[in-house]
Amino acid sequence: MADLAAFIQGMPKAELHIHIEGSLEPEMMLALARRNGVTLRYASEAALRAAYRFGNLQDFLDLYYEGMSVLRQEQDFYDLAMAYLRRAAGQNVRHAEIFFDPQGHTSRGVAFKIVIDGLWRALEDAERQLGMTTGLILCFLRHLDEADADKTLDHALPWRDRLIGVGLDSSEKGNPPSRFQRVFARARELGLKAVAHAGEEGPPQYVREALDLLRVDRIDHGNRALEDDELTRRLVRERMPLTVCPLSNLRLCGVPSLDVHPLERMLQLGLRATVNSDDPAYFGGYVGENYLAVQQALGLDRAEIVTLARNGFEASFIDDALKRRYLAALDDYGRTAG
Ligand code: ADE
Ligand code: ZN
């Protein structure tokens, strides 16, 4: 339905689950490889895109870490983040909470300062030039150990005020949240919010651990929580936000097709689901394309689309006054848009 596509495009949106390194488009990857003298296994955009066929999360992560190896200088991180923020603003994303993976860079000898200075400068410019609000969430890589995560949190301490929270990402299976209890407790003592990928590929038990042991404020993905009725009821009762990423789930074979994606069921159950892009350069779409894909596959109506957007603003880590402003703008849009 063409009018719903226009409605989605113009709707004020929040994005709460975007890995900035996953917004590295092939064109920029090749340009940065040339600029920094990095040799990739893929010589052209076509060759890169042809490699974007994943059987599971690990297939993707292998390419994702290789791709980010072209990021070396502060300007690279600036260019990466600015390109994402411009695209997001072009889709009427008004607020973005952005993940970054410092260990993917410090492990290659790129200093934490280079990463955070480049990203931060882009966020400041985007706030000024594009009129959006933003936040940074430092993610720990769960395939590494807790001591490495601890060291990463130490690196971040001088820039504590540039962060809104910490997260947990990378290979989920076999790496339960319980391994990161202490570093999350430390981060929460610093006043940081906490989120964690859970139930993307891992079992419902990992979602429970994220809630009970990491004390998260949001669950990233959470799809497999639906396999457990008691856990599902708890998520509804606790109004726990889920940052759902439909095209990611499709491309990583979490669902065989979008018409059986659990998003609609999540809404029917009263779960606080939001729509996000995860790694848009790799999964075929930014947040707008994610909304449109589920709208079409699941036949979502306008009210459901607005509920998803409202959930996004409500689940964000902005202060209440700003939240009310965004929600009022969304309500206005829902009432008056074509
Ligand atoms: N890192 C980047 N994208 C990810 C995803 N979808 N799951 C886990 N770790 C990630
Ligand atoms: Zn993710």
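How many residues has helix α16, and how far does α16 reach from its first C-alpha to its last? Helix α16 (residues 302-314) has 13 residues and reaches 18 Å. That is close to the 18 Å expected at 1.5 Å a residue, where the expected span is 1.5 Å times one less than the number of residues. Helices here are DSSP runs of H or I with at least four residues, strands are runs of E with at least two, and both are numbered from the N terminus.

This is a predicted model: local features need pLDDT of at least 70, side-chain atom pairs count only at pLDDT 80 or more, and totals for chains, interfaces and linings use all residues. Residues are numbered from 1 along each chain as its sequence is written, and side-chain values use heavy atoms, without hydrogens and water.

Asp-301 caps the N-terminal end of α16. One of its side-chain oxygens lies 3.2 Å from the backbone nitrogen of Ala-303. Within α16, the buried residues include Ile-305, Leu-308 and Phe-313; buried means under 20% relative accessible area with a 1.4 Å probe, protein chains only.

Now to the strands. Strand β7 (residues 241-244) runs parallel to β8, joined by four bridges. Pro-241 has Arg-272 as its bridge partner. Strand β8 (residues 272-275) is covered on both faces. Arg-272 and Thr-274 are buried on one side, Ala-273 and Val-275 on the other.

Leu-263 links these parts. Its contacts (heavy atoms within 4.5 Å) include Val-244, Ala-273, Val-275 and Leu-308.

Terms used
Chains are lettered from A and ligands numbered from 1 in the order in which they are written. Buried means under 20% relative accessible area, exposed over 50%, partly exposed in between (1.4 Å probe, protein chains only). A polar contact is a pair of N or O atoms within 3.5 Å; within protein, one must be able to donate a hydrogen and the other to accept it, and residues adjacent in sequence count only if both atoms are side-chain atoms. Two strands pair if DSSP finds at least two bridges between them. Lists of a residue's contacts leave out its neighbours within four places in sequence.
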